[in-house]
Amino acid sequence: MMKKYLVTFALSAMVLAACGKKEEPPAPAAAPVAVASAPAPEPEEEKVVNIYNWADYIPEGMAAAFEAETGIKVNYDTFETNEALHAKLVAGNSGYDIVVPGSVFAKPQLEGGLLQPLNKDKIPNLANLDPAIMATLSKADPDNKFLVPWAWGFTTVGINKTKVTKALGNMPMPENAWDLVFKPEYTAKLKSCGIAYLDSPTEIIPVALHYIGKDAYSNNPEDYKAATEMLAKVRKDVRLFSATMIDDIAGGKACVAIGWSGDINIAAVRAKENGSKDEIESLLPSTGALIFFDTIAITKDAKHPNNAFKFIDFYLRAENAARMANEMNYPTANKAALDKIKPEIAGNKTIFVESDYFSKMIPPSSFTNEAREAMATAYNGFKKGK
Ligand code: N2P
């Protein structure tokens with residue numbers, strides 16, 4: 001039996017109750033039957049579903065298993081940043097049925113009419129989701145009409161401990177891990193083994209704001225100025241602005257990175273597979289890390305919404321959600337999956353965070369379109385070294 005994790009989310013407390021009840025195996029999807037008295041028949045959909053998700057987020061073979069079971073072909077493309085997905089949605093006719101925005105972007109997207117509400121009757125496995133997490137998500141999506149969590153995690157500092165310790169020499173590790181990427185005393189030493197930042201304004205400015213003691217989700221451009229003033233001091237030490245963090249860390253291009261918790265853990269596994277003895281770690285900064293929720297949504301102009309509902313329902317089966325956590329190193333919001341999580345994943349404090357650290361973490365909020373633009377300008381100026 002796994003431990004209970006009591007986690008506090010701003011004002012709402014949520015419990016990831018891990019003492020699971022036994023899951024019934026899911027019933028196979030019923031074949032559509034033509035019933036004489038049925039209401040208007042559903043328009044036949046081409047047997048295709050087009051999915052656009054973050055890279056390194058789906059266990060190998062999961063899409064193929066859905067195809068084999070349903071005969072619905074999955075076209076699966078990946079993106080690296082919320083900005084990239086957002087641009088596609090705003091342009092329209094993306095061709096995608098399912099997209100997976102972070103909740104910070106999903107809120108303006110659903111308010112802006114870029115997504116369509118879910119037909120919950122077609123997704124019975126929604127019942128597997130943790131009501132406490134769904135309540136938290138309702139801040140972005142009132143009444144949980146549009147969004148289903150794919151996974152959650154946090155933005156933090158990842159290190160190749162072996163290389164970082166060596167590069168720091170007799171300087172001890174800082175108490176606050178954010179110092180490693182934001183404080184000139186540390187970055188001046190770590191630039192020799194490589195510092196990498198995620199390449200996205202809405203990933204870097206919020207953590208920089210948090211580091212200088214401001215609201216990570218401030219919509220005030222004055223605050224972005226203060227953040228970039230701090231960032232400018234370490235700009236020359238940043239080697240990479242990267243969308244391929246896993247390979248950069250595992251392959252030795254970077255020894256310290258601002259990255260996502262699960263990806264850093266994947267890098268640790270990959271480095272070992274490549275024969276490296278270096279220790280790679282996802283850190284828990286003393287002042288807290290930034291939580292994100294990535295959410296499954298259906299585009300407004302989806303051509304295959306019914307196939308999309310089927311895929312979502314398939315993903316929400318306890319065993320599939322558990323595979324995601326077990327193989328991609330991200331916690332799931334699927335309560336029915338928790339008793340299927342491997343002990344080494346459930347017990348990893350950088351995946352299923354313990355309650356005392358969780359209460360220090362920064363929950364996601366969102367930005368206005370104007371704020372996002374100002375943030376992008378500030379970020380691009382910083383990146384160019386202006
Ligand atoms: C995918 C990680 C996505 C996390 N590997 C950031 N939303």
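Contacts between residues 24 or more positions apart make up 75% of those in the chain with a separation of 6 or more. The model in which these contacts are counted is a predicted one. Its chain contains 16 helices and 12 strands. Of its 386 residues, 55% count as buried. The accessible surface of the chain amounts to about 16,900 Å², and carbon and sulfur atoms account for 54% of that area.

Helix H3, which spans residues 103-111, illustrates how an element of this chain can be covered. Seven of the nine residues of H3 are buried, and the helix is accordingly described as mostly covered. The buried residues are Ser 103, Val 104, Phe 105, Ala 106, Pro 108, Gln 109 and Leu 110.

Asn 82 lies in helix H2. Is Asn 82 buried or exposed? Its relative accessibility is 7%, and because the cut-off for burial is under 20%, Asn 82 counts as buried. Leaving aside residues up to four places away in sequence, Asn 82 touches Trp 54, Pro 101, Gly 102 and Phe 105. Phe 105 is itself one of the buried residues of H3.

A further pair of helices can be described by its geometry. Two packed helices are characterised by the angle between their axes and the distance between those axes. For helix H1 (residues 62-70) and helix H12 (residues 305-315), the axes come within 11 Å and cross at roughly 120 degrees. H1 and H12 are therefore oblique to each other. The crossing in which H1 passes H12 is right-handed. On the H1 side, the contact is made by Met 62, Ala 65, Phe 66 and Glu 69. The H12 side contributes Asn 307, Lys 310, Phe 311, Phe 314 and Tyr 315. By class, this contact of H1 with H12 comprises six nonpolar, one polar and two charged residues.

Note on methods: Residues are numbered from 1 along each chain as its sequence is written. This is a predicted model: local features need pLDDT of at least 70, side-chain atom pairs count only at pLDDT 80 or more; totals for chains, interfaces and linings use all residues. Side-chain values use heavy atoms; hydrogens and water are left out. Axes are lines fitted to C-alpha atoms, for helices over the stretch in contact, and angles run from 0 to 180 degrees between N-to-C directions. Helices (H or I, at least four residues) and strands (E, at least two) are DSSP runs, numbered from the N terminus. Angles under 35 degrees count as roughly parallel, over 145 as roughly antiparallel, 65 to 115 as roughly perpendicular and the rest as oblique. A crossing is left-handed if the near helix is turned anticlockwise from the far one by less than a right angle, and right-handed if clockwise. Contact means heavy atoms within 4.5 Å. Ala, Val, Leu, Ile, Met, Phe, Trp, Tyr, Cys and Pro count as nonpolar, Asp, Glu, Lys and Arg as charged, and the others, Gly among them, as polar. Buried means under 20% relative accessible area, exposed over 50%, partly exposed in between (1.4 Å probe, protein chains only). Accessible areas come from the Shrake-Rupley method with a 1.4 Å probe; for residues, only the protein chains shown count as cover.
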